[in-house]
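Take a look at the structure below.

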Amino acid sequence: AGDRVPGAPGTVGSAGITVGSLDGWFGSLRWRYIANIPLIEDDSVRAPSLSQFNGRTGYAFDDRWRAWLDVFNFFNGNDNDINYYYVSRMPGEPSEGIADLRVHPVEPRIFRLSVSAAF
């Protein structure tokens, strides 16, 4: 962290590839990246970086019917989607509370099957 400027913006990136209509087949792969970023002004506490892939593959049966499978968190990473740093107090902790990192973890790998019909 010594080479980073406090308060400087972190690196954020996303990329993807989409393939459509290969004899009815279609698909995509998306990548999202957020570098470790400062959570407080003096840059002494930083959120860990996030890297996640999501994918989709499907088939168009005709002009009306399509089915596809989405895969979220393709590689089943255990990064955090959201990071906070603040003081809180739980029962039994000191009255001044404890400053700590609070997180919302990325959901584990999830599959979603969808079917659509156009009328």
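What follows is a short walk through the salt bridges.

This is a predicted model: local features need pLDDT of at least 70, side-chain atom pairs count only at pLDDT 80 or more, and totals for chains, interfaces and linings use all residues. Residues are numbered from 1 along each chain as its sequence is written, and side-chain values use heavy atoms, with hydrogens and water left out.

Side chains of opposite charge can pair when their charged atoms come close. A salt bridge here is a side-chain nitrogen of Lys or Arg within 4 Å of a carboxyl oxygen of Asp or Glu. By this rule the count is 5 salt bridges.

Start with Arg32 and Asp81. Their side chains form a salt bridge at 2.7 Å, N to O. Arg32 sits in strand S2 (residues 25-34) and Asp81 in strand S5 (residues 80-88), so the pair ties together parts 49 residues apart in sequence. Strands (E, at least two residues) are DSSP runs, numbered from the N terminus. Arg32 is partly exposed at 32% relative accessibility. Asp81 is partly exposed too, at 33%. Partly exposed lies between buried (under 20% relative accessible area) and exposed (over 50%), with a 1.4 Å probe and protein chains only.

Now move to Arg112 and Asp70. Their salt bridge spans 3.2 Å, N to O. Arg112 belongs to strand S7 (residues 110-117) and Asp70 to strand S4 (residues 65-72), 42 residues apart. Arg112 is partly exposed at 41%, whereas Asp70 is buried at 4%.

Asp100 and Arg102 make another salt bridge, at 3.8 Å, N to O. Finally, shared partners join Arg56, Asp70 and Arg112 into one network of salt bridges.

How values were computed:
Helices (H or I, at least four residues) and strands (E, at least two) are DSSP runs, numbered from the N terminus.
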